[in-house]
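Hi there,

Here is the structure I promised to pass along. Could you open it next to your notes and follow along as you read?

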Amino acid sequence: MITIHDYKTLVREVLGRDLEANLAQRDGVSHQDDDILMIVAGPGSGKTSVLVLRALRHVLVDDILPEHLFITTFTRKAAKELRTRWLDWGTLLLSTLRNNRNLRDAINRIDLNRCRIDTLDSLAQQALTENKMPGEVAPIVAEGSASKLLLKRTSFSTIYDANKDVLDHLFTRYTFEGKPPWNRGEALAVAKMLCERLIQDRVNLESFGQMSPAYQKVVDILEGYRNYLQSTNLFDFAVLELRFLERLQDESLKEWVNGIKALLIDEYQDTNPLQEAIYFNIISTSSPFVTVVGDDDQSMYRFRGGSVELFTQFANRCAAVTGKRTKRIDMVANYRSSGEIVNFYNSHIRGDAGFIPTRISPAKPEVVSERGVLGTPILGMFRENTVELAESLASWLQQLLANRRILLNNNGERFELCLSHEGALGDFVLLAHSIEEAKYNRFNGNAEQRFAGHFRSAMINRGLQIFNPRGRSLRTISSVQQLLGLLLLCLDPEHTRTGAAYPTNEAKFFLSEWRAAATTLINQNPTPSDNGGLGRFVAQWQEVALGVPNGNFPEDWPALELIFKLITWIPGFQNDPEHQVWLEAITRTVSSAGMASPYGMQIFKSGVHRDRSRESFIRDALLPIAENEVDVDEDIMPSVPRNRLQLMTIHQAKGLEFPLVIVDVGSHFTGNWAKQRFLRFPEEPSNIVKMEDDIEPHLGTPLRSYRSPIDRTFDDLTRLYYVAYSRPQSVLMLIGCESCLAYGRGKAQDKGIIPSIALGWARDRTWPWRQPFRGRRPPVRVEPPMLLI
């Protein structure tokens, strides 16, 4: 349609992006031979822009219609961003070209909406739906809690109950803290993770099961689960991808695959072996233009099956299967962060010589800031304890927001940190390994407050708000307890149906707490209180539950409608953003349970189904919440209110950027306690690495055995904080307890220290932050490469 030269000119004139100003970006967009293009894109280097511009180039230069493009990325959120930019930029470019009469007909054939941009799971579901085999119906995907519930009901419960001791002994290797599962819910989570990994890594199940009776029981759980899914046309994500690969391999999707003329894969560093096999099959079958984008230094989803080795070894692995050569381009010009920030995270990743062998080879250049040094140093706030740290940070933020600036002094040198007129709390983010606000006792509900909880209180006391819906377990939040308790009171006024669902002792405690919270709310007679208010509404439902005739009630009532009626009396669910996330988690759990429940989460009024439908709802929807099996997903919020400071795990922050980023590197590290070392300086392999090693002998080809288990565990921590430190645009602040900076005492300076990868330690236990000293006594603390405030 147009030449590559004209395309680059069009991009410069219409989008204001001069590709000639960045040779790596230019080459990434211009690459046009048959070699696979592999882009290693450092943080803030514009990979999304290059990916979209390359996709649009395929349309406008290579004459490939959008429906023949296949673009995948790792998360739905990232897919949404890609699609938005694709449509925005594509529309502008097409509108300009439409003014050229000679191109008008060709432009009018282009429908940007027909481009397939999504996660591989979603695109696999779409392909299987559009290409059903004779007699098949469209696949139904059970996500999250629904797939876990299906596993529990189809095979897990029976096998686990009969082999609890054997399986608990095995599962101890795979729990986060290396202890036996606390309850059936945690054991189920481990079993689900292991089953998914067996599919994603394409494990030989026969040889895996021969390792021990426990492993064979895991295989039995998986096979029972898969047999049920197959009989009901249900899929979880792993099984869906496996079915997609099987259809690719038996060539029943050959016509569909041959329609793919360009394949673009984002975030390839977090791909798993099953996904790799899918991509390689597509490449071998249709020989499309292929672009692979990622960064091994930002791989951080090993716990979800991601294998960074597939990225670092991509060229050789791809050539061995497809015969295709790979051309690599390194994008290292950073447009996001100041020079001070880029230098800091460069030093973080090069400071540990033990990390170098795991990086892609040949080595890529260091990231370079295009913004240059701006004069704002890395900041550090370290206090004696968690409470003091929370109060100090909240006070500092309050001062910044009130005065719109803060003056900083460093040995007589003054720095001014300014907040723009439009600046608000929403421009800040606090990142941490965990954003849990309290650690709850599983049996009595007592809570030990964590830093995030102290920080919430400190902010509230200053009239400031945070957004941290994942910080508390659903079952412990007072308003959630009120809502779930009202459901129990409405459906089971005499407690008989709850008992029939056989809750664990842990679940019984929280179910009782919920009932008490709901009873207290009813006694407060909340508004609206006309016509008897909440008390009368609950009483009517209780009468129906007990079999009292009521002609005003329909024969069946969707449980979701009851939930939305009850929140009328709990205002938080109507106007608070955190409550909206919690409500989504509850309703998602109910909807998901409907896929596995014989009653589909409908509440029946009479007959034998009156009791059974209520028992089904309590067992399948409420017990998973009581047993802490339900995750909160704040990604449903399109945007967080500007007047709230977000708390996020570092994993959640991948791909995002903020003007000011606060990274918690040690708020709960007050000593070199053994049980915390896996979070900062591991002494043994992580639970996920152990799982990988147990699976490795049963793979088709070796994947991870070249790297020791402990090194892979250290590698994950190094990458985690590299991602955290590369999120800010202008200001990076590290926070923790003062003890984290202790210099160390004794002849070897090994007393009183708290080794931490996040704070510059290398895995050989050297610490470059320690300054030389004279005299007999070492300094109290090190001199970190930051301005302490």
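Below is a short tour of what turned up, one region at a time.

One thing to keep in mind from the start is that this is a predicted model.

Let me begin with a parallel sheet. It is an open sheet of six strands, and their order across it is E3-E2-E6-E7-E1-E8. At its edges sit strand E3 (116-119) and strand E8 (326-331), each of which pairs on one side only. Going from one strand to the next, the twist averages 15 degrees.

Helix H6 (residues 120-130) touches E2 and E3, and its direction makes about 120 degrees with that of E3. Helix H14 (residues 273-286) also packs on the sheet, where it touches strand E1 (36-41), E2, E6 and strand E7 (289-294). The direction of H14 makes about 160 degrees with that of E6.

Is E21 mostly covered or mostly exposed? It is mostly covered, with eight of its nine residues buried. E21 has a parallel pairing with strand E14 (residues 428-432) over four bridges, and Leu 431 stands opposite Val 663 in E21. E21 also pairs in the parallel sense with strand E22 (residues 728-737), this time over seven bridges. In that pairing, Val 661 is opposite Leu 732 in E22.

Helix H20 (residues 478-491) is mostly covered, as 13 of its 14 residues are buried. From its first C-alpha to its last, H20 reaches 20 Å, close to the 20 Å expected at 1.5 Å a residue.

Finally, there is a helix pair. The axes of helix H24 (residues 559-566) and helix H26 (residues 577-596) come within 10 Å and cross at roughly 160 degrees. Angles over 145 degrees count as roughly antiparallel, so H24 is roughly antiparallel to H26. The crossing of H24 past H26 is right-handed. On the H24 side, the residues in contact are Ala 559, Leu 560, Ile 563 and Phe 564; they meet Leu 583, Ile 586, Thr 587, Val 590 and Ser 591 in H26.

Happy to go through any of this together.

Best wishes

Conventions: Residues are numbered from 1 along each chain as its sequence is written. This is a predicted model: local features need pLDDT of at least 70, side-chain atom pairs count only at pLDDT 80 or more; totals for chains, interfaces and linings use all residues. Side-chain values use heavy atoms; hydrogens and water are left out. Two strands pair if DSSP finds at least two bridges between them. Helices (H or I, at least four residues) and strands (E, at least two) are DSSP runs, numbered from the N terminus. Axes are lines fitted to C-alpha atoms, for helices over the stretch in contact, and angles run from 0 to 180 degrees between N-to-C directions. Contact means heavy atoms within 4.5 Å. The expected span of a helix is 1.5 Å times one less than its number of residues. Buried means under 20% relative accessible area, exposed over 50%, partly exposed in between (1.4 Å probe, protein chains only). Angles under 35 degrees count as roughly parallel, over 145 as roughly antiparallel, 65 to 115 as roughly perpendicular and the rest as oblique. A crossing is left-handed if the near helix is turned anticlockwise from the far one by less than a right angle, and right-handed if clockwise.
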